[in-house]
Amino acid sequence: MATITVRQNGSYRVDGDDVKLVDWNGNEYQIPKRPFALCRCGASQNKPFCDKSHTQIGFQAAEAAVPGSGDHPAR
Ligand code: FES
């Protein structure tokens, strides 16, 4: 099973060995390491992967799955 974690003010972390990432044509991306992170901010120079550019642009996005559930950042 795969888990996608929405990181607070950051990327989507994808955990799971049974996950493949394909483009709009169905072609598979080579994944350099696992787990991997997908860009959510749009600033990565290595899309669709996160290159940590979100830290330089001050990306803010902290919508929790359960509003008001507190602030307990995952990995
Ligand atoms: S979320 Fe990390 S570079 Fe966009």
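This is a predicted model: local features need pLDDT of at least 70, side-chain atom pairs count only at pLDDT 80 or more; totals for chains, interfaces and linings use all residues.

**A chat about loops, rings and prolines**

Biologist: Where does Ala-62 lie?

Modeller: Ala-62 is in the segment after α1 (54–57). Helices here are DSSP runs of H or I with at least four residues, strands are runs of E with at least two, and both are numbered from the N terminus.

Biologist: OK, back to Ala-62. Which residues is Ala-62 in contact with, leaving aside its neighbours within four places in sequence?

Modeller: Gln-8 and Asn-9. Contact means heavy atoms within 4.5 Å.

Biologist: And how many Å separate the C-alpha atoms of Ala-62 and Ala-37?

Modeller: Their C-alpha atoms are 16 Å apart, and the two residues are 25 residues apart along the chain.

Biologist: You mentioned Asn-9. What is its phi?

Modeller: Phi of Asn-9 is positive, about 60 degrees, although Asn-9 is not a glycine. Asn-9 sits in the loop between β1 (3–6) and β2. With a relative accessible area of 24%, Asn-9 is partly exposed; buried means under 20%, exposed over 50%, and partly exposed in between (1.4 Å probe, protein chains only).

Biologist: Which residue other than glycine has a positive phi near 75 degrees?

Modeller: That's Lys-52, in the loop between β3 and α1. Lys-52 is exposed, with a relative accessible area of 58%.

Biologist: New topic: rings. How many aromatic pairs are there?

Modeller: Two aromatic pairs. Rings of Phe, Tyr and Trp (its six-membered ring) pair if their centres lie within 6.5 Å; planes under 30 degrees apart are stacked, over 60 edge-to-face, and the rest tilted. Tyr-29 and Phe-49 form an edge-to-face pair, at 6.2 Å centre to centre and 85 degrees between the planes.

Biologist: Which parts does that pair tie together?

Modeller: Tyr-29 is in the loop between β2 (12–15) and β3 (36–38) and Phe-49 in the loop between β3 and α1, so the pair ties together parts 20 residues apart in sequence. Tyr-29 is partly exposed at 26% relative accessibility, while Phe-49 is buried at 10%.

Biologist: And the pair of Phe-36 and Phe-49, why is it called edge-to-face?

Modeller: The ring centres of Phe-36 and Phe-49 are 6.0 Å apart and their planes are at 75 degrees, so the pair counts as edge-to-face. Phe-36 is in strand β3 and Phe-49 in the loop between β3 and α1, so this pair, too, links distant parts of the chain, 13 residues apart. Tyr-29, Phe-36 and Phe-49 are linked by ring pairs into a cluster.

Biologist: Last one: prolines. What kind of peptide bond joins Arg-34 and Pro-35?

Modeller: A cis one, with omega about -5 degrees. Pro-35 is in the loop between β2 and β3.

Biologist: And which bond joins Lys-47 and Pro-48?

Modeller: A cis peptide bond, with omega about 10 degrees. Pro-48 is in the loop between β3 and α1.

Terms used:
Residues are numbered from 1 along each chain as its sequence is written. Side-chain values use heavy atoms; hydrogens and water are left out.
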